[in-house]
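Student: I am new to this one. Please take me through a single part slowly.

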Amino acid sequence: MQIPLPDFLHPVTAGAPVYCGTASGGGTPGRSLVLERGFHFVLCTGGSALIAEGADTAVPKAGEPLCAADSRDTDKGDREKGDKGGAAGSKPRKGERRLQQGDLLLLSPSRTATLRLDGAHDTLECICIDPDYFDTLPDGQPLYNQLSGYLGDDRLPVVRLDGTQYGALRLTASLFPAHPAGSGLYDEAILRHLCSLFLLQTAGLLYRHRANAPAFVKRPNEIFRSFERLAVKNYRTAHDIAFYAGRLHISPTYLSRIVKQVTGHTVKAHLAELLCADARRLLSCSDLDIKEIADTLGFSDQSAFGKFFVRQTGCSPLRFRRERATR
């Protein structure tokens with residue numbers, strides 16, 4: 001799978017399916033980062049950051065920062081907490097929450113987030129694992145089991161770590177950029193064990209922070225995880241629930257019930273979210289015309305794509321592109 005990566009993330013070794021990096025507000029006030037399609041573990045190590053679910057990948061004019069996409073509204077408590085901890089004047093916009101130092105944000109491949117760094121001292125450290133590689137790790141299952149407890153939540157999963165937890169996780173994360181590049185016979189095995197250590201450590205943190213979380217994976221979560229993997233790989237060409245049910249060897253009705261039970265959303269909504277995020281990116285960042293984008297995303301024609309896009313965003317593809325071009 002090809003994961004779109006922000007420029008601050010780099011493979012821990014050449015060609016490795018694991019990435020790490022540090023991002024800061026630095027000299028770019030209002031810097032925005034979009035994380036998507038991977039397992040992302042984001043630790044706020046300085047200042048704060050504003051996060052919103054979804055992506056706004058509009059190409060900015062010179063010197064103009066990207067805008068974080070609107071998602072779900074934040075509550076009064078988050079606003080009051082954020083106003084105390086961030087850069088002066090950097091109040092959360094609609095749909096944003098504040099990630100403060102010591103907070104851990106986790107993203108599975110089906111969720112996308114935009115992070116905005118407004119202050120010079122705002123700093124994030126991130127580990128990203130390719131979903132296909134994640135599935136080969138024996139200790140990925142405990143982490144996914146704990147993460148699945150957040151799938152039905154309206155908000156992105158954020159865990160507030162205490163001093164000991166924060167220090168221990170950051171120490172493990174620091175081993176990824178220190179991993180030797182092509183220096184020995186056992187480099188691949190070392191990386192796999194390092195990933196397992198990090199995943200088990202994170203799974204343990206999630207378990208402690210969700211007292212009612214199950215310790216072992218349940219069959220519905222296994223099915224949803226398989227559906228999620230298939231969706232991320234096939235959403236451009238397969239928009240029909242029957243395709244995914246057939247690949248999972250279950251009935252469409254059963255798949256619908258499982259996805260709704262685990263996440264609170266329908267199969268159609270999950271596929272539409274992936275398609276819409278891709279459509280916004282192609283309209284903003286490519287030279288493809290509307291018909292070519294419709295073909296790329298597997299729609300029968302330009303009209304069907306246009307109706308879908310209007311339902312999802314409230315405006316036509318052409319209007320969306322024109323508005324982004326004038327920013």
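Student: At what angle do helix H3 and helix H5 pack, and how far apart are their axes?

Tutor: This is a predicted model, in which local features need pLDDT of at least 70 and side-chain atom pairs count only at pLDDT 80 or more, while totals for chains, interfaces and linings use all residues. Residues are numbered from 1 along each chain as its sequence is written, and side-chain values use heavy atoms, with hydrogens and water left out. Helices are DSSP runs of H or I with at least four residues, numbered from the N terminus. Helix H3 covers residues 140–147 and helix H5 residues 187–209; they pack at an angle of about 25°, with their axes 8 Å apart. Here an axis is a line fitted to C-alpha atoms over the stretch in contact, and angles run from 0 to 180 degrees between N-to-C directions. Angles under 35 degrees count as roughly parallel, so H3 and H5 are roughly parallel to each other. Their crossing is left-handed, meaning that the near helix is turned anticlockwise from the far one by less than a right angle.

On the H3 side, Gly140, Pro142, Leu143, Gln146 and Leu147 take part; they meet Leu199, Leu200, Thr202, Ala203, Leu206 and Tyr207 in H5. Contact here means heavy atoms within 4.5 Å. Sorted by class, the contact of H3 with H5 holds eight nonpolar residues, three polar and no charged ones. Ala, Val, Leu, Ile, Met, Phe, Trp, Tyr, Cys and Pro count as nonpolar, Asp, Glu, Lys and Arg as charged, and the others, Gly among them, as polar.

Conventions. Helices (H or I, at least four residues) and strands (E, at least two) are DSSP runs, numbered from the N terminus. Angles under 35 degrees count as roughly parallel, over 145 as roughly antiparallel, 65 to 115 as roughly perpendicular and the rest as oblique.
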